[in-house]
Amino acid sequence: MKSEELFAIEVRGLTKRYDKLLAVNGIDFDVKDGEIFGFLGPNGAGKTTTTTMLTTFLEPTAGTVRIYGYDLPRESLDARALMGIVPEESNVYLELTALGNLIFAGKIYRMSRKARKRRAAELLEMFGLSDKASVKVQEFSKGMRRRLTVAMALMHEPKLLFLDEPISGLDVQSTRYIKTLVHDLNESGVTIFLTTHQIEVASELCHRVAIINQGSLATIGTPDDLKANIESVQTIAVTFDVPEGISIPSLAELPGVNHEVKAKSGSERRLYTDSPADVIPAVVDFARKHELRIISLSTLGPSLEDVFLKLTGQEVGSITSPPVGEGKRGGKRGKGGMGK
Amino acid sequence: MKKMSLWSRTAGGFGQAWAIASKDLRTYYFNPPMLMFGLIMPVLLFFSFSMRRADLTREMGIMHLLSMTLFFTSSTAGPVILILERRTRTLDRLMTAPLSMSCLLFGKTLVGVVFAVGVALVPLIIGLAFFHIQIHNPALLGAAIVLAAMSFSALGIWFGSFPAKSVGTVMMPSTLIRWPLLFISGIFIPLGNLPGWLRGVSYISPLTYAHDAVKHAISGSGTQPVVLDMLMLPAFLLLFLFLAVRLYRRVRKLGY
């Protein structure tokens with residue numbers, strides 16, 4: 001007999017209306033127990049409104065939400081006990097110490113005194129804050145406050161963790177730390193609902209992603225499935241050996257090229273096309289004609305960012321890309337214009 | 001999934017409310033608006049309206065100062081704390097924790113109570129130590145102080161529940177409402193001297209009942225039965241908390 005699949009989140013017909021504005025338009029999706037689920041969308045798409053409804057802060061106008069079987073808002077207290085919430089803005093108490101913040105979080109989640117002390121010590125150690133346990137949080141850096149915010153959300157050992165832009169504005173070290181943490185938490189059985197505008201993060205960490213646009217779900221699936229669905233978007237990355245002081249003419253007029261993106265520095269060009277087979281010979285002819293030597297030439301499949309841009313109606317390749325020297329794809333084209 | 005029982009919710013709810021109150025006391029006790037509106041204002045008011053009043057006995061002076069201190073101190077904490085926490089989004093943390101809105105707001109009410117009771121001890125100790133005032137019924141006085149602080153604090157919580165993000169936005173209208181209450185509640189003008197219609201209005205002020213209860217406790221007499229005073233104060237507490245919870249229901253529908 002097939003065992004029944006356990007869902008952390010079940011959303012049906014979720015709708016939020018503010019007077020005439022329809023912020024979220026009857027969306028449906030499920031998040032499976034134990035998965036990392038990415039929730040992406042451009043500014044004003046309904047991403048934050050959806051998340052605030054899932055975390056019980058906001059009540060829907062229509063539709064149902066179930067968190068591990070608990071109906072919202074009717075059983076929101078039971079559902080909240082299973083959730084940890086990390087908002088985009090680190091909402092820690094600046095006047096309290098790191099330990100004070102954790103202990104307070106434990107009290108609010110009805111942990112016993114012994115459990116609070118044990119868990120707080122464990123988390124301070126885990127987040128590298130043990131030596132700062134008695135320091136007031138107002139003296140903490142942004143990265144340290146972020147780590148403490150995550151630690152507070154984990155105090156009661158939640159089954160489901162909501163992470164809103166967890167690495168936004170963090171330095172490389174903190175970013176790497178949080179990414180590893182998300183992976184490790186998930187390995188230990190925590191379901192993660194990740195809201196982010198950083199597509200490379202979603203691509204790297206998430207088992208499945210949903211893209212919301214203008215209040216409706218544009219698509220949902222694994223990053224690989226979504227990329228496969230827009231295979232018509234192909235990219236050719238070409239790098240020339242250019243003598244100093246010489247500028248490369250535009251390749252946008254070559255036959256089959258839909259759009260060209262120049263790297264901010266270096267001589268790499270990215271050519272978006274539906275037909276790489278036609279473009280490659282044209283690029284080679286172009287190099288011969290202008291007496292340029294090609295250093296590398298590679299074709300690339302669509303990235304999750306391409307999926308996002310295509311589904312949200314933004315032009316593919318409309319963002320400026322940082323220099324990319326290798327042929328490997330991994331969402332390294334820059335952040336683009338998406339936000340929360 | 002195991003659900004929380006009613007008993008577990010209720011018992012745990014008090015613990016959570018107290019955790020909120022004790023955290024807020026540590027966090028906001030020396031916040032400038034709290035000190036300004038809660039401590040300095042009543043003392044200034046007392047001297048403004050009590051100097052050169054030949055009819056003011058020592059007991060009456062202490063009663064007035066005590067009522068005013070309780071009123072301003074406890075009703076100041078709510079707007080200051082709720083709005084600061086809304087601005088720093090720490091209130092969101094509490095609103096998405098496993099505790100009911102009434103429990104959360106009761107915790108916030110307790111902050112004003114502890115703060116006000118602590119501050120109210122100052123005029124009382126001064127009265128006892130330096131002016132040798134006599135207290136007719138100390139137990140009644142203790143109960144009156146706590147109940148008055150609870151109803152005033154809940155009034156402040158109601159003010160603070162209006163969806164504003166600046167302390168000034170709420171302090172201005174709340175002060176405009178609190179000051180007239182001061183004049184119709186029998187502190188500066190005895191209730192018997194008020195015109196009939198104004199006396200009718202004075203009965204919708206919790207300060208009327210609090211001041212009358214304090215008078216009963218210190219001097220042994222008041223304007224209305226002390227039982228009425230002691231019943232009206234918790235009734236105001238419940239009313240203001242109910243109104244505040246309703247405002248937050250609106251926040252849950254519309255955001256802030």
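Q: In what order do the four strands of the open sheet in chain A lie, and is the pairing parallel or antiparallel?

A: The model is a predicted one, in which local features need pLDDT of at least 70 and side-chain atom pairs count only at pLDDT 80 or more, whereas totals for chains, interfaces and linings use all residues. Residues are numbered from 1 along each chain as its sequence is written, and chains are lettered from A and ligands numbered from 1 in the order in which they are written. Strands (E, at least two residues) and helices (H or I, at least four) are DSSP runs numbered from the N terminus, and two strands pair if DSSP finds at least two bridges between them. In chain A the order is 12-13-11-14, with antiparallel pairing. Strand 12 (257–262) and strand 14 (293–300) of chain A are the edge strands with a single partner each, so one side of each has no neighbour in the sheet. From one strand to the next the twist averages 20°.

Q: How many bridges join strand 11 and strand 13 of chain A, and which helix packs on the sheet?

A: Six bridges pair strand 11 (residues 234–241) with strand 13 (residues 268–273) of chain A in the antiparallel sense. Within strand 13 of chain A, Arg269(A) is the residue opposite Val238(A). Helix 9 (residues 276–289) of chain A packs on this sheet and touches strands 11, 12, 13 and 14 of chain A. Its direction makes about 15° with that of strand 11 of chain A, where angles run from 0 to 180 degrees between N-to-C directions and axes are lines fitted to C-alpha atoms, for helices over the stretch in contact.

Q: How is the packing of two helices described?

A: Two packed helices are described by the angle and the distance between their axes. Helix 6 (residues 138–160) and helix 9 (residues 206–219) of chain B have axes that come within 9 Å and cross at roughly 170°. These two helices of chain B are therefore roughly antiparallel (over 145 degrees; under 35 is roughly parallel, 65 to 115 roughly perpendicular and the rest oblique). The contact, defined by C-beta atoms placed from the backbone and lying within 7 Å, includes Leu140(B) and Phe152(B) of helix 6 and Ala210(B) and Val214(B) of helix 9. Its residues divide into 12 nonpolar, two polar and no charged; Ala, Val, Leu, Ile, Met, Phe, Trp, Tyr, Cys and Pro count as nonpolar, Asp, Glu, Lys and Arg as charged, and the others, Gly among them, as polar.

Q: At what angle do helix 3 and helix 5 of chain B cross?

A: The axes of helix 3 (residues 58–87) and helix 5 (residues 101–130) of chain B cross at roughly 155° and come within 8 Å. Helix 3 and helix 5 of chain B are therefore roughly antiparallel to each other. Among the residues that meet are Ile62(B) and Gly78(B) in helix 3 and Phe115(B) and Gly127(B) in helix 5. The residues of this contact comprise 15 nonpolar, seven polar and one charged.

Q: How many residues of chain A are in contact with chain B?

A: There are 25 residues of chain A in contact with 25 residues of chain B. Helix 2 of chain A gives the largest share of the chain A side, four residues. By class, that side has 14 nonpolar, four polar and seven charged residues.

How values were computed
Contact = placed C-beta atoms within 7 Å.
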